[in-house]
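Biologist: Could you walk me through reading a cavity in a model? I'd like the general idea before the case at hand.

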Amino acid sequence: MLTSNQTSKANVKSATGVQTEQELQKLIKLCQQGDKQSFRVLYQHYQQRVRSTLCQLCGTSALDDLVQEVFLKAWKGLPQLKTTKYFSTWLYRISWNVAIDQRRKLSQGVDKTSLNENWEQEPSSYSKDLESLQDTPDIMHLHYQDLVRRGLDNLSFEHRAVLVLHDLEDLPQKQVADILDIPVGTVKSRLFHARNLFKKFLEQQGISF
């Protein structure tokens, strides 16, 4: 049985016409040759995942601009990508770097409360992805979207990143390590602490599970 995230990815494949890994690799190689139409298909294939990741890391402010920046960097950098099978990891790494830059810009001269206003604008926008968070209550069923948002916001940016990439985006720990350019052991450690901090936050709100 497919999870909601797997179903979403399957729907993306159907919508973009990319059904197999071989087709995807062919598409990426065409993009490397400057085929703009192929890049449009590639954008449609990945844009929802990029948008979801950036939204959970940076909030909704300037989200469209951030997504556009990621794919612009990808288009410019594709000719230098040596191994196309690592395209997904490479694209997530670009997204991570764009998120870091955005957080740095927002944090300059802005206190943490103001920085987190992005999260308060549209808490419901996280609900579909947050329902798959591991080792937590059934968030959609219990209507705890706002608590989850605040719980994620209570984490450091580094801890939030591993939780988002691994638990929400369903990426394996090795790929998360490659994206963040840290050892797998560090991913495991951060994930362990992030989950514990998240649980502790919920318990402080009177939620037991």
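**The cavity and its surroundings**

Modeller: The largest cavity has a volume of about 30 Å³. This is a predicted model, where local features need pLDDT of at least 70, side-chain atom pairs count only at pLDDT 80 or more, and totals for chains, interfaces and linings use all residues. Residues are numbered from 1 along each chain as its sequence is written, and side-chain values use heavy atoms, leaving out hydrogens and water.

Biologist: What counts as a cavity?

Modeller: On a 1 Å grid over the protein atoms alone, a cavity is a set of points where a 1.4 Å probe fits but cannot get out; lining residues have an atom within 4 Å of a point. Points are joined across faces, edges and corners, and the volume is the space filled by probe spheres set on them. Searching the whole structure finds 1 cavity of 30 Å³ or more.

Biologist: Which residues line the largest cavity?

Modeller: Its lining is made of Y46, R49, V50, S88, L91 and Y92. Two or more lining residues come from each of α3 (36-58) and α5 (87-107). Helices here are DSSP runs of H or I, at least four residues, and strands are runs of E, at least two, numbered from the N terminus. The chain has 13 helices and 0 strands.

Biologist: How many of the chain's residues count as buried?

Modeller: Buried means under 20% relative accessible area, with a 1.4 Å probe and protein chains only. Of the 209 residues, 46% count as buried.

Definitions and conventions. 1 Å grid on protein atoms, 1.4 Å probe; cavity = no way out; pocket = protein on both sides within 12 Å on 5 of 7 lines; lining within 4 Å. Buried < 20%, exposed > 50% of the residue type's maximum accessible area, 1.4 Å probe, protein only.
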